[in-house]
Amino acid sequence: MSRSPSPPFARTAAVLCAALAIAPAAGCGGAPPAAPAPVVGGGMIGAAAPELAAEIVSGEGPATLGEARGKVVIVDFWATYCHPCRKSFPAYQKIVDRFGADVAVIAVALDAPEDVSKEQLVAFANEAEVRFRILWDKDQSAVKKYNPPRMPTAYIVDRGGVVRHVHAGYEDGEEETVSREIEALLGPASSP
């Protein structure tokens with residue numbers, strides 16, 4: 001009996017995770033770097049963040065950057081197979097809770113429809129106890145626009161829709177850096 005080939009995205013994701021597991025950088029379960037550093041996201045810093053158009057899975061808040069205009073937004077690319085994503089989700093929920101209506105998270109799942117169900121994505125969000133918006137990039141249109149280098153990758157977008165910071169991978173304590181960046185983007189009048 002011959003095995004059917006894996007879907008192209010699943011194969012690519014598996015190769016990417018395997019490479020990251022042996023690389024000295026964190027992401028998809030790889031070893032942590034000596035000192036985490038924000039990554040310039042393929043020239044996106046200072047550019048308008050591409051609009052998102054993906055299926056809404058669950059959560060509260062804006063589902064597009066247009067709906068989020070006027071807020072600082074964390075656009076977070078993640079996947080159910082990504083172990084660091086399990087740590088970043090609760091940290092991002094704490095950030096939303098801290099800053100309230102001035103901040104939103106739009107979490108974009110990159111899992112292939114052949115690999116997971118909508119129920120599995122909802123279960124991931126429920127286990128992490130997050131309430132922010134979860135989208136599913138089934139056709140990979142968002143990932144093609146953003147080209148995240150690792151899982152997870154978070155793009156910090158200012159109130160005007162411009163990418164100001166990119167965090168590829170997630171390390172414990174990184175939410176403190178993200179919080180400082182958001183606080184600076186909100187300005188002193190909005191600090192909690």
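Among contacts in the protein chain between residues at least 6 apart in sequence, 74% join residues at least 24 apart; contact here means heavy atoms within 4.5 Å. The structure is a predicted model, in which local features need pLDDT of at least 70 and side-chain atom pairs count only at pLDDT 80 or more, while totals for chains, interfaces and linings use all residues. Residues are numbered from 1 along each chain as its sequence is written, and side-chain values use heavy atoms, with hydrogens and water left out.

The secondary structure of the protein chain consists of 5 helices and 6 strands. Helices (H or I, at least four residues) and strands (E, at least two) are DSSP runs, numbered from the N terminus. Along the sequence, these elements follow the pattern α-β-β-α-β-α-β-α-β-β-α. The protein chain has 192 residues, of which 48% count as buried; buried means under 20% relative accessible area, exposed over 50%, and partly exposed in between, with a 1.4 Å probe and protein chains only.

The interior may be described through its nonpolar core, a set of buried Ala, Val, Leu, Ile, Met, Phe, Trp, Tyr and Cys residues joined through side-chain atoms within 4.5 Å. The largest such core has 52 residues, and those with the most contacts inside it are V75, F77 and I182. Helix α2, residues 83-99, gives the most to this core, with 7 residues. When neighbours within four places in sequence are left aside, F77 is in contact with L52, V108, L110, A142, V143, Y146, P148, M151, P152, T153 and Y155.

Two of these partners of F77, M151 and P152, are joined by a cis peptide bond with omega near -15°. P152 lies in the loop between α4 (141-146) and β5 (153-157). N147 is found in the loop between α4 and β5 as well, and has a positive phi of about 55° although it is not a glycine. With a relative accessible area of 59%, N147 is exposed. S141 belongs to helix α4 and counts as partly exposed, at 23% relative accessibility. The C-alpha atoms of S141 and L110 are separated by 9.9 Å, although the two residues are 31 apart along the chain.

The structure holds 1 disulfide, a disulfide being a pair of cysteine sulfur atoms within 2.5 Å. The bond joins C82 to C85, with an S to S distance of 2.5 Å. The torsion about the S-S bond of C82 and C85 is about 85°, so the disulfide is right-handed. C82 counts as buried at 0% relative accessibility, and C85 is buried with a relative accessible area of 0%.

Helix α2 also contains Q93, which is buried at a relative accessible area of 5%. Leaving aside neighbours within four places in sequence, Q93 is in contact with E129, V130, R131 and F132. From C-alpha to C-alpha, Q93 and E129 are 8.1 Å apart in space, against 36 residues in sequence. E129 lies in the loop between α3 (118-127) and β4 (133-136). Its phi is near 55°, a positive value in a residue other than glycine, and E129 is exposed, with a relative accessible area of 63%.

Grid points are joined across faces, edges and corners, and a volume is the space filled by probe spheres set on the points. The second largest pocket has a volume of about 160 Å³. Of the 14 residues that line this pocket, E60, G61, V96, V103 and F132 are the closest to its centre. The elements that give two or more residues to its lining are α2 and β3 (103-109).

A search of the whole structure finds 1 cavity of 30 Å³ or more. The largest cavity has a volume of about 30 Å³, and its lining is formed by L65, A68, R69, K71, V73, V157, D158, R159 and G161.

Methods:
On a 1 Å grid over the protein atoms alone, a cavity is a set of points where a 1.4 Å probe fits but cannot get out, and a pocket is an open set with protein on both sides within 12 Å along at least five of seven lines; lining residues have an atom within 4 Å of a point.
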